[in-house]
Amino acid sequence: MDSTLSQNLEKISDQAWLKIVTSKKVTESDRGKFIQAGQDRVITTSIPQFALSLTQITNRYPERFGRLALKFPHDVDPRYVSAILEGLRKIEPDEKMPKSEKTTWQAGSIQIVEAVLEKYGADSEQDTALSFCQLVGERADESWSDKSISKLLHYARNHPDPEPGKLNIHSDSDENSDEVTVDVLFVNAAYCVRGAAAIAISRLLWKHNDRLEQVRSSIESLVSDPHPAVRMAAIEAIKVVFNIDKDLAVSWFCKACRDDLRVAVSPRAFPLFNYIVPSHIDQVGPVIQHMAASSLDEVAFMGAQQVTARWLFDCFFENEFATCCQGIVPQRKGVARVATALLHNKKYSPQCQQILCKFMNDPDKEVRDELRGMFRNQNLIIDTECTALIKAYIESLAFADDPNHFVLSLSDLTGSLIPVAEVVFTVCDRFFVPPQEKNHLMTLEVSSILLRLYESAQGGQKIQITDRCLDTWDLLFENRVEMAMGLTRNIEQ
């Protein structure tokens, strides 16, 4: 859906735009009056659609439309102001901009930007305030005036958006912030005013570390904000403070996570545990313990990952680790996820192998599915220190759930298969005794792998391996596997 202005944006004069944004005929809704402008295109007249058109043209001519915004009446619909501010955020030309314009395009000057902000700075309407915060964040390297910074900090501490329990972005209008997933909260973090202010502060602080004292009280307010989405956004600022004052950053991190552990497992917060542990384990340890014991599955899953990682790295959380290994499905999944990820690290591989052996026959398929990640690195199959683990896997329920991934990884190995002969024979035993009639294509793939091994053994004069290949072929005949005859002809050629 487009606005009725979209086809002629570059032809609309400044005077015409002033008439458009002040017109009483343009309303909130088009009242269902659509115009079919093509097979897949509908155009309409409404304030939201005209505001989108205004953003599009401001993206192309930011200086011009920044000056135009200074001529808007004070009672103009705030969405038109927000549209201009959205365009003034740009510091590079839009990808969709005509090539002829890109070479001469310039971002709106900071003087114009601040003049627009000055005119509408007293407007705390949600759209305008959100655009203001996003603009400052996008252009954080500019030399912003103290007045603009003060406005940003005021929004961070005092703006009413988001309201307690409310969400700006949600899939169900009845959802509240206490019920939604981590991902939903994380999306809302950037699309509420206090959250956007937190992100803008983080970017300002990244560019200007000397501003910490100036923004400190606002960050303290953000990490104690009653809304979890805002505290998620505050993590952005805390990340920067790690480079300035780590003790202070850890203190703020724990405070932001304390009342809602979804904050601790959000995409920006979770990696910070690597910087906090082991140096500040006393402060952050209780957070990790409560995460692992959470009644929320997604939090318990991530908490179990932290417990497992810290047990492997630093021997912390021995009791919690043992509990997670025997715990609910999310906890066991978390343990398996970390063991799978660290299996390829020689330092932790022996412990990870012991852990993974416990989960190969886990009663829950979700837990067993985590083990598929072991074979993302093909080197595991040819690692002699992991042969026992791989053979155990092939004989497990985890392999039976979905053998295809492993078989294809084995098939993709280049060069001689002699180093993995034991693995090949173990796979053959699973497929040929009894024959896997329901997985004909994979049985054919395994037979082809066996043929490759036979050829490698013949070339290397490995008589024991060639004899075992022939014995395995006998199993094919005994179990009446259809492709045996064809593959045998290939051997005899």
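Contact denotes heavy atoms within 4.5 Å. The structure is a predicted model, in which local features need pLDDT of at least 70, side-chain atom pairs count only at pLDDT 80 or more, and totals for chains, interfaces and linings use all residues. Residues are numbered from 1 along each chain as its sequence is written, and side-chain values use heavy atoms, with hydrogens and water left out.

View 1. Ser456 is placed in helix 26 (residues 440-459); helices are DSSP runs of H or I with at least four residues, numbered from the N terminus. Apart from neighbours within four places in sequence, Ser456 is in contact with Ser416, Leu417 and Ile418.

**View 2. The largest nonpolar core.** A nonpolar core is a set of buried Ala, Val, Leu, Ile, Met, Phe, Trp, Tyr and Cys residues joined through side-chain atoms within 4.5 Å. Buried means under 20% relative accessible area, exposed over 50%, and partly exposed in between (1.4 Å probe, protein chains only). The largest core has 161 residues, and Trp17, Phe72, Tyr80, Phe253, Val284, Phe406 and Leu410 touch the most other members. Helix 12 (residues 228-241) supplies the largest share of this core, 10 residues. Not counting residues up to four places away in sequence, Phe253 touches Ile235, Ile238, Ala269, Leu272, Phe273, Ile276 and Val284.

**View 3. Glu236 in helix 12.** Glu236 is found in helix 12 and counts as buried because its relative accessibility is 17%. Its contacts, leaving aside neighbours within four places in sequence, are Ile199, Ser202 and Arg268.

**View 4. Val116 in helix 6.** Val116 has its place in helix 6 (residues 110-120) and, at 0% relative accessibility, counts as buried. Leaving aside neighbours within four places in sequence, Val116 is in contact with Gly66, Ala69, Leu70, Leu85 and Leu88.

**View 5. Aromatic pairs.** Rings of Phe, Tyr and Trp (its six-membered ring) pair if their centres lie within 6.5 Å; planes under 30 degrees apart count as stacked, over 60 as edge-to-face and the rest as tilted. The whole structure holds 13 aromatic pairs. Phe270 and Phe273 form an edge-to-face pair, at 6.0 Å centre to centre and 70° between the planes; both residues are buried. The rings of Phe399 and Phe431 have centres 6.3 Å apart and planes at 85°, so this pair is also edge-to-face. Phe399 lies in helix 23 (residues 397-401) and Phe431 in helix 25 (residues 421-432), so the pair ties together parts 32 residues apart in sequence. Ring pairs link Phe375, Tyr393, Phe399, Phe406 and Phe431 into a cluster.

**View 6. Backbone features in loops.** Most residues other than glycine have a negative phi, and most peptide bonds are trans. The peptide bond from Asp161 to Pro162 is cis, with omega near 10°, and Pro162 is in the loop between helix 8 (146-158) and helix 9. The bond from Val277 to Pro278 is likewise cis, with omega near 10°. Cys315 has a positive phi of about 65° and counts as exposed at 64% relative accessibility. Phe317 has a phi near 60°, but counts as buried at 10% relative accessibility.

Methods
Helix = DSSP H or I, 4+ residues; strand = E, 2+ residues; numbered from the N terminus.
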